[in-house]
Amino acid sequence: MKMKEVITRSKVYYQRPKSYTLLQKVKALAPDSSQLLGFILAPILGFIFFMPLTLVSSPVWFPIGALLFVSIAGFLSACSFGAVAVAVLLWSYRYVNGMHPVGSDTVEQRGKRIIDEKYNDAKEYGVKMIA
């Protein structure tokens, strides 16, 4: 690998190419064989040594896990329902005060359509009752 000579007023120093220093950093951070062996053996040995403790204490962990799951799921669903309620109330407030929120034109069109249909149904019912 060739070094580039850089000369300044008082010093001469050699500058390595950037790719060389990057490769050195990658090589330094890469795991060696003993680390890879540790990554493979550590979970296996942990499973072997902690399995009896897990089996003995499982009657305690299962109810605790179930309770935590139910309480977290309930809290998240309550927060979600609360957020939806706030969004609905905000949309309704804007609609009532004439701020034209997104979808208000569709609500008005559907409302007029329902009113027209019910008016026609009532009209036809009245004609049948009279005749």
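Entry one, on terms. Before counting anything, I noted that helices are DSSP runs of H or I with at least four residues, that strands are runs of E with at least two, and that both are numbered from the N terminus. I also noted that this is a predicted model, and I read every entry below with that in mind.

Entry two, on the overall layout. I looked up the elements of the protein chain and found three helices and two strands, which follow one another along the sequence in the pattern β-β-α-α-α. Of the 131 residues in the protein chain, 3% are buried. The chain exposes about 12300 Å², and carbon and sulfur atoms supply 71% of that area.

The mean pLDDT of the protein chain is 86, and 85% of the residues score at least 70. Which elements have the lowest and the highest mean pLDDT? Strand β1, at residues 4–7, has the lowest with 58, while α2 has the highest with 94.

I checked UniProt, where an unreviewed entry places the feature "transmembrane region" at residues 36–55 and 61–91. In the model, residues 36–55 are 100% helix and 0% strand, with their end C-alpha atoms 29 Å apart. Residues 61–91 are likewise 100% helix and 0% strand, and there the end C-alpha atoms lie 45 Å apart.

I found a nonpolar patch whose members include Leu 36, Phe 39, Ile 44, Leu 45, Phe 50 and Leu 53, and whose residues together have about 1300 Å² of accessible area. Is Leu 45 buried, exposed or partly exposed? It counts as partly exposed, because its relative accessibility is 42% and that class lies between 20% and 50%.

Entry six, on the aromatic rings. By the ring-pair rule, the count comes to one aromatic pair. Trp 91 and Tyr 95 form this pair, which is stacked, with 5.2 Å from centre to centre and 5° between the planes. Both residues lie in helix α2, four residues apart, about one turn of the helix. Trp 91 is partly exposed at a relative accessible area of 28%, and Tyr 95 is also partly exposed, at 31%.

I then looked up its separation from Pro 101, which is eleven residues away along the chain, and found 9.4 Å between the two C-alpha atoms.

How many salt bridges does the rule give? The count comes to one, and in it the side chains of Arg 113 and Glu 117 meet at 3.6 Å, N to O. Arg 113 counts as exposed at 54% relative accessibility, whereas Glu 117 is partly exposed, with a relative accessible area of 40%.

Technical notes:
Residues are numbered from 1 along each chain as its sequence is written. This is a predicted model: local features need pLDDT of at least 70, side-chain atom pairs count only at pLDDT 80 or more; totals for chains, interfaces and linings use all residues. Side-chain values use heavy atoms; hydrogens and water are left out. Buried means under 20% relative accessible area, exposed over 50%, partly exposed in between (1.4 Å probe, protein chains only). Accessible areas come from the Shrake-Rupley method with a 1.4 Å probe; for residues, only the protein chains shown count as cover. Patches are made of residues with over 30% relative accessible area and no salt bridge: like charges are joined within 9 Å, nonpolar side chains (Val, Leu, Ile, Met, Phe, Trp, Tyr) within 5 Å. A salt bridge is a side-chain nitrogen of Lys or Arg within 4 Å of a carboxyl oxygen of Asp or Glu. Rings of Phe, Tyr and Trp (its six-membered ring) pair if their centres lie within 6.5 Å; planes under 30 degrees apart count as stacked, over 60 as edge-to-face and the rest as tilted. UniProt positions are given in the numbering used here, feature names are shortened, and annotations may be inferred rather than shown by experiment. pLDDT is the predictor's confidence in each residue, from 0 to 100.
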